[in-house]
Amino acid sequence: MLKKLMRKKTTDIQSLNERIEIVKKRQIPNHIAIIMDGNGRWAKQRKMPRIAGHHEGMKKVRQVTNFANDLEVKVLTLYAFSTENWKRPKIEVDFLMNLPGEFLNTYIPELMEKDIKVEMIGNMDALPAHTRNAIEKAMEITKDNQGLILNFAMNYGSRIELVHVMKELAHEVAEGRIEANSINESVINSKLMTAHLPEPDVLIRTSGEVRLSNFMLWQLAYAEFIFTEVLWPDYNEDCLLQAIEEFQNRDRRFGSLEGDQKG
């Protein structure tokens, strides 16, 4: 029985490696955005407190980030904490605010080894000092890394982001620095928190929920949406590979009649 299980595990590894090689020969998404959902349900299924699900979910961040980096994905944006999440019970919010410090302080040596760069979108000023310090420290240490950009959406809300863009443009028009008629998509893009990043090619949401929850509403205009029933703490390399395989098999036309060349 043990030998049979070992043979199956070896076969599964071989199959995964073969799929990776096929995927790498085709178009890899430059930017993958993930709404990491289902931590609480994962814990509830196991009769554990919700914070146990968040802690398990943190481990998956490391696993999925490393795999995305291995596949040469350029940007991985993870929706870690929304502007609406402050409404959750204080004990849960406090735990979530401690996770960046625990995760990043542990993971920084590996981030450096793998050349991964940490960035963040969202309102940094409203975060607790210890959360802000942990993120700023990781961003400073990894700022010269050239591999995957691990972009945390922390205290982020897309509508607030767009309101800030509109206010900034209104001020520039009022001060005569820009003509109202010159405002176009490129100008708006340049004011977004993601201005220096490519737009997401893929949006993944775990746990079976099928909505955007105020996440990158402008940036996701032409992203491929992939929804999965898998809870975030159960998400793994095979799940991400399946998502990329699905992306590669879709016909992305961007409003035209001719789709992408899939290679």
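Modeller: Let us begin with a definition: a residue is called buried under 20% relative accessible area, exposed over 50%, and partly exposed in between. Please keep in mind that this is a predicted model.

Colleague: Why is the contact between Glu-56 and Lys-59 called a salt bridge?

Modeller: The term asks for a side-chain nitrogen of Lys or Arg within 4 Å of a carboxyl oxygen of Asp or Glu. For Glu-56 and Lys-59 the N to O distance is 3.5 Å, and the pair is counted as a salt bridge. Both residues belong to helix H3, which covers residues 50-70, and they are three residues apart, about one turn of the helix. In general, an α-helix has 3.6 residues a turn, so residues three or four places apart point the same way.

Colleague: Which residue forms a salt bridge with Lys-117, and is that partner buried or exposed?

Modeller: The partner of Lys-117 is Glu-119, with the closest N and O atoms 3.5 Å apart. Glu-119 has a relative accessible area of 10%, and is therefore buried, whereas Lys-117, at 22%, is partly exposed.

Colleague: How do you know that Glu-246 and Arg-250 form a salt bridge?

Modeller: Their side chains meet at 2.4 Å, N to O, and the cut-off is 4 Å, so the pair qualifies as a salt bridge. Glu-246, at 36% relative accessible area, is partly exposed, and Arg-250, at 22%, is also partly exposed.

Colleague: How many salt bridges does this rule give, and which residues are linked in a network?

Modeller: The count comes to 20 salt bridges. A network of salt bridges links Asp-37, Arg-41, Arg-205, Glu-209 and Arg-211.

Colleague: How do you know that the span of helix H8 agrees with its number of residues?

Modeller: Helix H8 has 12 residues, 237-248, and at 1.5 Å a residue it should span 16 Å. Its end C-alpha atoms are 16 Å apart, so the two values agree. Several residues in H8 are buried, among them Cys-239, Leu-240 and Phe-247.

Colleague: Why are H3 and H8 called oblique to each other?

Modeller: Their angle is about 45°, and their axes are 9 Å apart. Roughly parallel would require an angle under 35 degrees, and roughly perpendicular begins at 65, so H3 and H8 are described as oblique. Their crossing is right-handed.

Colleague: What makes the phi of Lys-47 worth a remark?

Modeller: Lys-47 has a positive phi of about 55° although it is not a glycine. In general, most residues other than glycine have a negative phi. Lys-47 sits in the loop between helix H2 (39-45) and H3, and its 79% relative accessibility is over the 50% cut-off, so Lys-47 is called exposed. Ser-213 also has a positive phi, of about 50°, and is not a glycine; Ser-213 lies in the loop between strand S5 (202-205) and strand S6 (224-227). At 31% relative accessible area, Ser-213 is partly exposed.

Notes. Residues are numbered from 1 along each chain as its sequence is written. This is a predicted model: local features need pLDDT of at least 70, side-chain atom pairs count only at pLDDT 80 or more; totals for chains, interfaces and linings use all residues. Side-chain values use heavy atoms; hydrogens and water are left out. Helices (H or I, at least four residues) and strands (E, at least two) are DSSP runs, numbered from the N terminus. Buried means under 20% relative accessible area, exposed over 50%, partly exposed in between (1.4 Å probe, protein chains only). The expected span of a helix is 1.5 Å times one less than its number of residues. Axes are lines fitted to C-alpha atoms, for helices over the stretch in contact, and angles run from 0 to 180 degrees between N-to-C directions. Angles under 35 degrees count as roughly parallel, over 145 as roughly antiparallel, 65 to 115 as roughly perpendicular and the rest as oblique. A crossing is left-handed if the near helix is turned anticlockwise from the far one by less than a right angle, and right-handed if clockwise.
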